[in-house]
Amino acid sequence: MSVLPFPSFLDDVKEKGLKRAALEGVNEVTERITSGMNVQDIREALRGEAASRKPNPRLQPHADGFWLHMRPSYFHRSVTGIYPTFRLGWLSTYFVFFETITGILLMVWYTPSPEIAYGNMLAIMSEVPLGQFMRDLHRLGAEAMVIIVFLHMLRTFFTGSYKKPRQFTWFTGFILLFCTMFLSFSGYLLPWDQLALWAVTIGISMIEAAPPEIVGTNLNLLLRGGPDIGANGLLRWYLLHVLAVPALLFIFTGVHYYKVIIHGHSLPPKQENIGEDTAKRVPLDKRVYFIPDVLTSEIMWIAVTTLILVVLCVWFFHAPLEAHADNQATPLGTTAPWYFLWLQGGLKLGDKIFWGIIFPTLVMVFLAVMPYLDVTKSRRFAHRRFAFTVCFLLLSALVAMSYMGLAEFGVKTSADSEIIHAMLMEPAHNHMGVLRPIPYEQLTPGQFTTEQFAHEGADQAEAVAAFNTMLQESGDAELFRQYMEVNQHLPLPSINFIPVPADAPELAAGLQELGHEIAGVPNELPNATGTIIVTQVQEGLKRVDVVIVWDEVLIENGNPVLDAEGNPVMVLDEEGNPVRRINGQYMYIHENSQYFPAPGA
Amino acid sequence: MNLQRLLFERIDHRILVGTVSFLAIMVLVGWVAINEGARMTAFEQQYLARSIERGAALFASNCSPCHATDGRGNLGRAPALNSPYLFGHNFLAEVDAQIEALEIERGVAGTNGDTTRVGEIDTELLSLQAERDGLIAEMAPAIALGFNPDEYSRLSSLGWGSTLNDFVFSTLYSGRPVSESYWPQPMVAWAAETGGSLRTDQLQDITNFILNWGRGDDWTIEDLNAVRQFPIYPVQPTGGDTSGEPVIGADTELAVIMENLDPLTGDPQNGQTLYNSATYACFGCHGAGAGVAPPVEGTWTRVQEERLADPLFADYTGEAYLAESIIHPNAFAAPGNWSGIMPENFGDRMTYQQLADIIAYLQTQDQPIE
């Protein structure tokens, strides 16, 4: 007789006692959740023992469960090692989910509007517990995903796994690579800082070059949402980033994985006869079952990967956040994200239409259809010398062009501006001005000159005194006064340079660095002196001016014109005297600003 | 090669590595979480510091031409921001509190008939009053500029009901119009939304920079005396008034004005001084680049060649036109200019000789019109 008017757990308790009834209940629930494996089966699997009952319960979840029905129940022993897959495909998949989860968390605090997006970033950094951590993980994960997906493609190329019948798998993989890069890039715009605005502006202006003009102009307008990126543009990029491209990515991840399962994981090339594909015919003795071997391996890999990301985000990496986006102020040395540097490098080679549109399109089309062009049967390394050569040539070109994309290459800014920039620049691209990290106390108010260190072994105080005398005699002092006036400087009692005090070694080092930089370009900046002028503006706020004075030389195409003896040609005034030039910039430093040198700098 | 297969050949090793990694992740995330409070505070502090830095740069290029690089203001042009008056510091607070307490005590003692105590208190009050007078005497330079020691706070003078941050920010955001009886120069609205050139986050940067001048209780009377202009109608620090002579009167009719002007000879030199003085501050609106009103340069040429050609002014002389423009500025606005901007109170502040001098100065402004 049942306790309740229907059979229930209580009946079991009555019949078997509480302990046994409870255990059996747990067992039953476990078996339902795993679609076929009870507690004992799981225990055996995790112990590495053989299954004790038949039919093999470890195959049941593949047959009955949703999640594992899309995973094969066994793999060929040869594809479960590090080589040939390096687990790159699995990790790419993991990053799709990793980025989705961290991204959704960030979306909670984000509004795609130029008025508040940047304020949202500040709120994420200052008011949301773990907000900065989530942002760091999302950003680092994005960069890692680009690398891993790219390496996955390279691996597939080297093992020849794109060959028949897997051509279409490669093609969907190419689309996934494209989606990954676009997602990573479109995420750049969302913080609405200077880095965001200018990286994306560069990217879009490349598209603007697309011929014919009507296409380029309209594509440009579509992507910017107007002549400049503003509210419309931000909203569009936001929707692309969180909706359109992820949807594409998820669909193609599905197609890609489906194709992988349909054709099986290709074996290492030398294990098959040329032209054969035995991936789907796995002999019994070569089978490695998904449960437990591959499953534990996969979980271990993502745990280790996540740990690496977490460690990096705790100690070594913080997602950059630069100053608020400003259409009016182009930062010096803006570059595309590192994975698009090759494009920027190409643009420096010449024609915008060819290098910005035609060349990348050709590269992409070539990558997409490569399996249909390379129809040779052999997957063995020795038989694919030509393909490998082409691949290495392309990789070398990629590296070389990426180097050329750096701001250091081929962009000519006047030497004085460049030196001042190197001294003062705001933190960007993991760099900052040499003078910024100097401790606040060491920024002693005063006027300092590189002449102090100009002559090794000479008395430094004397050198500075001599400089003061020279200033008054040559009229350079007047230049300084004018500079001060034009640049809204607090009135200085007098132009009087002093040696750097002994308790400010980092300021002295900064001054020396300025001297070295100037000495490094004697042809551009002859008879030059660099000065650092520190003034107290408010309590806890100082102003640091870096001012360079030099004799003007003739410059053509960004390079100084040299005479027969290799000396620069000076610009002379009507009386035949060299023309003195002055250039300076300033920054303000607050005692709580905490500019730290980049790790490893 | 054990490492070759699955990275770790044995399943228990894989489980161990995975479990340890997972626990390490949890420990690290927990560690980050514990430190979040401190980190967020540090970030806020750092962000405010950098905001002040940016504000300083914006202030230097946008605000310092009028408010001066040190924020002490410019006489006749813009008021001081680096000023105890803006921050509402009362230098008399301490002594006033003591006086008040003693007066209450004196009342109580008086009611109780304790005459000895009343006598003591009166002596103390005398010395406190002397101390108070001494403090006020120290403020003489500020008082000469129109500062009133009893009206020590800008915000309470205005009846501003919110914070200083909001006051500075909203002034930046909306600007400030010319006020007829109060301040002769407008401040433009700086926010992009109100037609200016700065984003609101930049306005907040500037506000943070200005608030960083605050010293709490550490303001000194030297700070007060260093102020070059208080946010009140510009006062010439050393006299510069009408020295007892009768003023014209804002309501005096033009015919009467012209009759009284007739026997006087204007001194263009003195007229120029008056024009550029803080008392009248004509240059504030008519100076080169002020952009608020017709520039002083070429005034006489324009009057002669353009205004008098207008049938409206058929029976005017150039002098009469200028006199009317100064004393009754809103009788007529030259094309392209707004009526109602120029204060109508010059007549109450100006003697006939001063008007004659200014007209004489304006007659020297006969540069050709471009």
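**Exercises on a predicted model**

Leaving aside neighbours within four places in sequence, Met423(A) is in contact with Gly433(A), Val434(A), Leu435(A), Arg436(A), Gly510(A), Glu513(A), Leu514(A), Glu517(A) and Val546(A) in this predicted model.

**Exercise 1.** Determine where Met423(A) is placed, and whether Met423(A) counts as buried or exposed.

*Solution.* Step 1: Met423(A) belongs to helix α17, residues 415-424 of chain A. Step 2: the relative accessibility of Met423(A) is 0%, and buried means under 20%. Therefore Met423(A) counts as buried. Step 3: for a distance through space, take Pro526(A), which is 103 residues from Met423(A) in sequence and 19 Å away, C-alpha to C-alpha.

**Exercise 2.** Describe how helices α8 and α16 of chain A are arranged and which residues form their contact.

*Solution.* Step 1: the axes of α8 (residues 131-158) and α16 (residues 385-405) come within 11 Å and cross at roughly 160°. Step 2: angles over 145 degrees count as roughly antiparallel, so α8(A) is roughly antiparallel to α16(A). Step 3: α8(A) contributes Phe150(A), Leu154(A), Phe157(A) and Phe158(A), while α16(A) contributes Ala387(A), Phe388(A), Cys391(A), Phe392(A), Leu395(A) and Leu398(A). Step 4: the residues of this contact comprise 10 nonpolar, no polar and no charged.

Key:
Residues are numbered from 1 along each chain as its sequence is written. Chains are lettered from A and ligands numbered from 1 in the order in which they are written. This is a predicted model: local features need pLDDT of at least 70, side-chain atom pairs count only at pLDDT 80 or more; totals for chains, interfaces and linings use all residues. Side-chain values use heavy atoms; hydrogens and water are left out. Axes are lines fitted to C-alpha atoms, for helices over the stretch in contact, and angles run from 0 to 180 degrees between N-to-C directions. Helices (H or I, at least four residues) and strands (E, at least two) are DSSP runs, numbered from the N terminus. Angles under 35 degrees count as roughly parallel, over 145 as roughly antiparallel, 65 to 115 as roughly perpendicular and the rest as oblique. Contact means heavy atoms within 4.5 Å. Ala, Val, Leu, Ile, Met, Phe, Trp, Tyr, Cys and Pro count as nonpolar, Asp, Glu, Lys and Arg as charged, and the others, Gly among them, as polar. Buried means under 20% relative accessible area, exposed over 50%, partly exposed in between (1.4 Å probe, protein chains only).
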